Amino acid sequence: MKTVENGRVTYSLPHQAKVVTDSAGTELFLEYKGRKVADV
């Protein structure tokens, strides 16, 4: 699933961390259940 939050595109799968990217598509960090869990 692909969603856009505050100009950021996020890809999410059930029960997995999602990669949060900025508007340029640069991967910023991993997010799980709304919390930052790791840098990429």
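The paragraphs below walk through this predicted model, from its overall make-up to single residues.

A word on conventions comes before the tour. Residue numbers start from 1 along each chain as its sequence is written, and side-chain values rest on heavy atoms, with hydrogens and water left out. Because the model is predicted, local features need pLDDT of at least 70 and side-chain atom pairs count only at pLDDT 80 or more, while totals for chains, interfaces and linings use all residues.

Let us begin with the whole chain. The protein chain has five strands and zero helices; here strands (E, at least two residues) and helices (H or I, at least four) are DSSP runs, numbered from the N terminus. Read from that end, the order of elements is β-β-β-β-β. The chain has 40 residues, of which 18% count as buried. On this scale, buried means under 20% relative accessible area, exposed means over 50%, and partly exposed lies in between (1.4 Å probe, protein chains only). The protein chain exposes about 3100 Å², and carbon and sulfur atoms supply 53% of it. Those areas come from the Shrake-Rupley method with a 1.4 Å probe, and for residues only the protein chains shown count as cover. As for contacts (heavy atoms within 4.5 Å), take those in the chain with a separation of 6 or more: residues 24 or more positions apart account for 2% of them.

Now follow the strand pairing, where two strands pair if DSSP finds at least two bridges between them. Strand β3 (residues 18-21) and strand β4 (residues 27-32) are antiparallel partners, with four bridges. Within this pairing, V20 stands opposite F29 in β4. The hairpin of β3 and β4 has five residues between the strands, and in it G25 takes a positive phi near 90°.

On we go to the next pairing. β4 is joined to strand β5 (residues 35-39) by four bridges, and the two run antiparallel. Here L30 has A38 in β5 as its bridge partner. The hairpin of β4 and β5 has two residues between the strands. Which residue in that turn has a positive phi of about 50°? It is K33, and K33 takes this phi although it is not a glycine. K33 is found in the loop between β4 and β5, and K33 is exposed, with a relative accessible area of 69%. Strand β5 lies largely in the open, because the number of buried residues among its five is zero.

Is T21 buried or exposed? T21 is buried, with a relative accessible area of 7%. Leaving out residues up to four places away in sequence, T21 touches R8, V9, T26, E27 and L28. One of these, V9, has its place in strand β2 (residues 8-11). V9 counts as partly exposed, at 21% relative accessibility. From V9 to A24 the C-alpha to C-alpha distance is 9.3 Å, with 15 residues separating them in sequence.

E27 and D39 are twelve residues apart in sequence, and their C-alpha atoms are 8.8 Å apart in space.

The tour ends with a charged pair. How many salt bridges are there? A salt bridge is defined as a side-chain nitrogen of Lys or Arg within 4 Å of a carboxyl oxygen of Asp or Glu, and by this rule the count comes to one. The side chains that meet in it are those of E31 and K18, at 3.3 Å, N to O. This pair links distant parts of the chain, with E31 in strand β4 and K18 in strand β3, 13 residues apart. E31 is buried, with a relative accessible area of 11%, and K18 counts as buried at 12% relative accessibility.
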